[in-house]
Amino acid sequence: MFGNIGWGEFMVLLVAALVVLGPERLPGAVSWVTKSLRQVRDYASGAKEQLKEELGPEFDDLRQPLSELNELRGMTPKAVITKHLLDGDESLLTGNFDKPGTKPVSKPVPPPLAAGEKPPIDSDAT
């Protein structure tokens, strides 16, 4: 519920409440607000349960288009292109064409040798 309020804004609200209500009435106001929020949440969940009971299986039919709408709401242009044009393969957009679990075609390049060091004998060279 307070996801959009940062700590700074919360502290400003707390100080404003302390100034307006005073230290004597602030605990009572906080308990009243928490009770009211709990009661509103209980009413909302009760209304949802009542709606579920009255609609029965049609409630799930109603929820399915809403979930599709929420899925579309989160789509970005890149996600739309990836999903519908590229069948979920985003390697063209990211440039990462290696599939996980495949070995590279060439051998890895060995690290540079220090001065006076001889190269190791390669057993695959035969």
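User: Where in the protein chain is confidence lowest?

Analyst: Across the protein chain the mean pLDDT is 77, and 78% of the residues score at least 70. Helix α1 has the highest confidence, with a mean of 88. Where pLDDT is low, predicted coordinates should not be read in detail.

User: What share of the 126 residues of the protein chain counts as buried?

Analyst: The accessible surface of the protein chain amounts to about 11,700 Å², and carbon and sulfur atoms account for 63% of that area. To count as buried, a residue needs a relative accessible area under 20%. Among the 126 residues, the share that counts as buried is 4%.

User: Is Trp7 buried or exposed?

Analyst: Trp7 belongs to helix α1, which covers residues 7-55. Its relative accessible area is 72%, and the cut-off for exposed is over 50%. Trp7 is therefore classed as exposed.

User: Which residues make the nonpolar surface patch of about 650 Å²?

Analyst: A residue needs over 30% relative accessible area to be part of a patch. Trp7 has 72% and Phe10 has 38%, which makes Phe10 partly exposed. Both belong to the nonpolar patch of about 650 Å², whose members are Ile5, Trp7, Phe10, Met11, Leu13 and Leu14.

User: How many aromatic pairs does a search of the whole structure find, and what is the geometry?

Analyst: The search finds one aromatic pair. Trp7 and Phe10 form this pair, with 6.4 Å centre to centre and 90 degrees between the planes. Because planes over 60 degrees apart count as edge-to-face, the Trp7 and Phe10 pair is edge-to-face.

User: What separates Trp7 and Phe10 along helix α1?

Analyst: The two residues of the aromatic pair, Trp7 and Phe10, are three residues apart in helix α1. Because of that spacing, the separation between Trp7 and Phe10 is about one helical turn.

Definitions and conventions:
Residues are numbered from 1 along each chain as its sequence is written. This is a predicted model: local features need pLDDT of at least 70, side-chain atom pairs count only at pLDDT 80 or more; totals for chains, interfaces and linings use all residues. Side-chain values use heavy atoms; hydrogens and water are left out. Patches are made of residues with over 30% relative accessible area and no salt bridge: like charges are joined within 9 Å, nonpolar side chains (Val, Leu, Ile, Met, Phe, Trp, Tyr) within 5 Å. Accessible areas come from the Shrake-Rupley method with a 1.4 Å probe; for residues, only the protein chains shown count as cover. A salt bridge is a side-chain nitrogen of Lys or Arg within 4 Å of a carboxyl oxygen of Asp or Glu. Helices (H or I, at least four residues) and strands (E, at least two) are DSSP runs, numbered from the N terminus. Buried means under 20% relative accessible area, exposed over 50%, partly exposed in between (1.4 Å probe, protein chains only). pLDDT is the predictor's confidence in each residue, from 0 to 100. Rings of Phe, Tyr and Trp (its six-membered ring) pair if their centres lie within 6.5 Å; planes under 30 degrees apart count as stacked, over 60 as edge-to-face and the rest as tilted.
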